Amino acid sequence: MRDNPHSGPLNPTRRTFLLTTGSTAAATIIAACVPADANSAAGHSDSTAAGADGPNIEGAVPIILRINGKDYQLRVDPRTTLLDCLRETVALTGTKKGCDHGQCGACTVHVNGRRVNSCLSLAVMHDGEEITTIEGLGTPDALHPMQAAFVAHDGYQCGYCTSGQIMSAVALLKEPCGPDDAAVKELMSGNICRCGAYAHIVAAIQQVRKNS
Amino acid sequence: MHTFDFIRPADAAAAVAAAAQAKTAQQGADVRFVAGGTTLVDLMKLNVETPARLIDINRLPLDKVEATPDGGLKIGATVRNSDLAHHPTVQRDYAVLSQALLAGASAQLRNMATTAGNLLQRTRCMYFRDTAMPCNKREPGTGCPAITGSNRTLAVLGTSEHCIATNPSDMCVAMAALEATIHVQGPKGSRAIPIGDFYLLPGSTPNRETVLEPGDLVTHVTLPALRSGSKQVYLKLRDRASYEFALASAAVVITIAGGNVTHARIALGGVGTKPWRSPEAEAALTGKPANAANFRKAAEAAMRDAKPQSENKFKIELARRCLAHALQLATTS
């Protein structure tokens, strides 16, 4: 990519084009949904004041979300779903928007350790709660065992549903679930995979269950 | 989604006071309580629900499952469906309720959805969910395109010329068979409503789904003590093996002595405009030998008044077989 002679301001690659338009879009969204965060990102202790001084959004509500172990002080329009807040306000885009109506599971995250559809939950309802997203599970150098098992078993094709699948699978480890594949399939039925990687996903989950 | 004020009341009385200013009753009201959000947020995104005020009841102390002095069970309004399904007492004494809960939705949704929210779950009728279409339930007087349109999944019991929308709940079907009581705190005080009196038939006012009045907050549900030795089964039939609404389902609570049915409570799901208790099936069974022929007679009695639409006639026989099979499973388990 770096060596591409056609890449540059006048010949954008697909990636630089998306990054440019993406940041424009993000700037617009920030006006409606302000990240007053900063505890983590900027390291300020006066983050509340920073949030209060931000763009004035009619009806915005101040909340604190503890996401992947860090506190984020935010001001959100009450209509903002937890999913949109994670992706657009906090810029954690690992959680995906599929159907946006609780029918596909791509948006699955953990709230206080339990898996939920973040698209059907309003961010304001989670003030003070602990959120875990795919970014909080592991790192590229130290994958969560479930992430490693999905790689080992080829539990995806396009990858769009994968973060939701993995968040569901990790939650499943702590839920009542019978030993056989049928029980795993039943408890994973809230996560749809259009590529049809289901057999590999079940194999990945069963391997982690066997090893734990 | 329309804008709304978001309120988190300090206690149930404050929640009721805030909701009492609503112009209409809870269903489709301008003031709404929110707990799990799995139905309400979904419908708000579709502009089917457009509350101007949202009252978050998640932090109210309504999340306990407790034994009652008379040997029954008290279930708080905000107990999550997954917690209720896996509660040891529910699994041991009210297996039909646990089975029904686990047959509904997905693991994620069950972690969010609550007892009271499930009681007030709204229909999946595609015309109700699409604001571009007429719908008597959503906009009274605009008509029911489902009657002449796509109605394969819609109701065959309790319908009217104004609405044939199916009640989608599994939990409520089990609660109907268990003769649950719904406890409500309202502007005029508290009251207890048997589940059989809680839901309204659509008639000419399908927009009114329950007897709830503005400000009424469901605080908990109670289940009576069960007769010792009762057998229970929830059987759900659907287009796919999991994560799908019922085409037909049956909740059975039955007691047998000396080969005869001494007591039966039966309710059907997926076929009615409300969770459908069937006194006809119960009467057909009580005092009779527990055998396949009598199970079939009970199933026929349950569906005697069924009225098919253009695409859903199959549901009548499906529901009969579902009930007969559920009775077979209950009595041989």
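The structure is a predicted model, in which local features need pLDDT of at least 70, side-chain atom pairs count only at pLDDT 80 or more, and totals for chains, interfaces and linings use all residues. Residues are numbered from 1 along each chain as its sequence is written, and chains are lettered from A and ligands numbered from 1 in the order in which they are written.

**Confidence in chain A**

- Chain A has a mean pLDDT of 83, and 74% of its residues reach 70 or more; pLDDT is the predictor's confidence in each residue, from 0 to 100.
- Residues 1-12 of chain A stay under 50 in pLDDT, and the model gives them 8 contacts beyond four places in sequence; two residues are in contact if their C-beta atoms, placed from the backbone, lie within 7 Å.
- The pLDDT is also below 50 over residues 14-54 of chain A, a stretch with 52 contacts in the model beyond near neighbours in sequence.

**Domains of chain A**

- Chain A consists of domain 1 (25-136) and domain 2 (145-211), with bounds that come from an automatic or database domain assignment.
- Between these domains, 14 residues of domain 1 of chain A are in contact with 11 residues of domain 2 of chain A.
- On the side of domain 1 of chain A that touches domain 2 of chain A, β3 (108-111) and β4 (114-117) of chain A each supply at least two residues, and β3(A) gives the largest share, 3 residues. Helices (H or I, at least four residues) and strands (E, at least two) are DSSP runs, numbered from the N terminus.
- That side of domain 1 of chain A has 5 nonpolar, 6 polar and 3 charged residues. In this classification Ala, Val, Leu, Ile, Met, Phe, Trp, Tyr, Cys and Pro count as nonpolar, Asp, Glu, Lys and Arg as charged, and the others, Gly among them, as polar.

**Strand pairing in chain A**

- β3(A) and β4(A) pair in the antiparallel sense over 4 bridges, where pairing requires that DSSP finds at least two bridges between two strands.
- T108(A) has N117(A) in β4(A) as its bridge partner.
- The hairpin of β3(A) and β4(A) has 2 residues between the strands, and N112(A) takes a positive phi near 50° there.
- β3(A) is also joined by 2 bridges to strand β5 (residues 130-132) of chain A, in an antiparallel arrangement; H110(A) has T132(A) in β5(A) as its bridge partner.

**Interface between the chains**

- Across the interface, 20 residues of chain B are in contact with 25 residues of chain A.
- On the side of chain B that touches chain A, α2 (40-45) and α6 (107-112) of chain B each supply at least two residues, and the largest share, 5 residues, comes from α6(B).
- The residues on that side of chain B divide into 8 nonpolar, 9 polar and 3 charged.

**Strand pairing in chain B**

- Strand β4 (residues 65-67) of chain B is joined by 3 bridges to strand β5 (residues 73-76) of chain B, and the two run antiparallel; E66(B) has K74(B) as its bridge partner in β5(B).
- β4(B) and β5(B) form a hairpin with 5 residues between them, and G71(B) in the turn has a positive phi of about 90°.
- β5(B) also pairs with strand β8 (residues 217-223) of chain B in the antiparallel sense over 4 bridges, and K74(B) stands opposite T222(B) in β8(B).
- An open sheet of 4 strands has the order β9-β10-β11-β12 (chain B), with antiparallel pairing; its edge strands, β9 and β12 (276-277) of chain B, each pair on one side only.
- β9(B) and β10(B) pair over 7 bridges, and L237(B) stands opposite A248(B) in β10(B).

- A251(B) lies in strand β10 of chain B and is buried, with 33 other C-beta atoms within 10 Å. A residue is buried if 20 or more other C-beta atoms lie within 10 Å of its own, exposed if 12 or fewer, and partly exposed in between, with C-beta atoms placed from the backbone.
- Leaving aside neighbours within four places in sequence, A251(B) is in contact with residues including V96(B), A100(B), Y234(B) and A267(B).
- A251(B) and H325(B) are 74 residues apart in sequence and 11 Å apart in space, C-alpha to C-alpha.
- Helix α12 (residues 314-332) of chain B has 19 residues, which at 1.5 Å a residue should span 27 Å, in agreement with the 27 Å between its end C-alpha atoms; the expected span is 1.5 Å times one less than the number of residues.
- Buried residues of α12(B) include L318(B), C322(B), L323(B) and L327(B), and the elements that cover the buried residues include β9 (231-237), β10 (248-257) and α11 (292-302) of chain B.
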